[in-house]
Amino acid sequence: KYLQFWIEPGCTLLIRPRDAIMLTIRLEFTVKEFFADEGVSRFSDRMTAVLGIHKADLKVVQVFEGSTIVEF
């Protein structure tokens, strides 16, 4: 299996073994727009479809501003 990602110069990459995958994604719209379009529910539906996993296996733990940043 492969894990692909990009980092920008000066970023620190920390890898620790864990029985979970944690991701953060930056979206190009505001938090207000995110929640106006079904927010976490729509995000979860789309992300689980892309990843090919069951919706119960994805948990959104935080949504905050800076564009819109979702940790899941």
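1. The lining of the largest pocket draws its largest share, three residues, from β1. Here a strand is a DSSP run of E with at least two residues and a helix a run of H or I with at least four, numbered from the N terminus. A pocket is an open set of points on a 1 Å grid over the protein atoms alone, where a 1.4 Å probe fits, with protein on both sides within 12 Å along at least five of seven lines; lining residues have an atom within 4 Å of a point.

2. The model is predicted: local features need pLDDT of at least 70, side-chain atom pairs count only at pLDDT 80 or more, and totals for chains, interfaces and linings use all residues. Residues are numbered from 1 along each chain as its sequence is written, and side-chain values use heavy atoms, with hydrogens and water left out.

3. The largest pocket holds about 1,700 Å³ of space, the volume being that filled by probe spheres set on the grid points. Its lining has 29 residues, of which Ile 21, Met 22, Leu 23, Thr 24 and Phe 72 are the closest to the centre. Two or more lining residues come from each of β1 (24–27), α2 (39–51) and β3 (68–71). By class, 21 are nonpolar, two polar and six charged (Ala, Val, Leu, Ile, Met, Phe, Trp, Tyr, Cys and Pro count as nonpolar, Asp, Glu, Lys and Arg as charged, the others, Gly among them, as polar).

4. The second largest pocket has a volume of about 200 Å³. Its lining includes Leu 27, Phe 29, Phe 34 and Phe 43. Here α2 supplies the largest share, six residues, and the lining divides into seven nonpolar, one polar and four charged residues.

5. Phe 29, Phe 34, Phe 35 and Phe 43 are linked into a cluster by ring pairs (rings of Phe, Tyr and Trp, its six-membered ring, with centres within 6.5 Å; planes under 30 degrees apart are stacked, over 60 edge-to-face, the rest tilted). The count is three aromatic pairs. One of them, Phe 34 with Phe 35, is edge-to-face, at 5.0 Å centre to centre and 85° between the planes.

6. Phe 34 counts as buried because its relative accessibility is 5%, whereas Phe 35, at 46%, counts as partly exposed (buried is under 20% relative accessible area, exposed over 50%, partly exposed in between, with a 1.4 Å probe and protein chains only).

7. Phe 34 also belongs to the largest nonpolar core, whose seven residues include Leu 27, Phe 43 and Phe 72 (buried Ala, Val, Leu, Ile, Met, Phe, Trp, Tyr and Cys residues joined through side-chain atoms within 4.5 Å).
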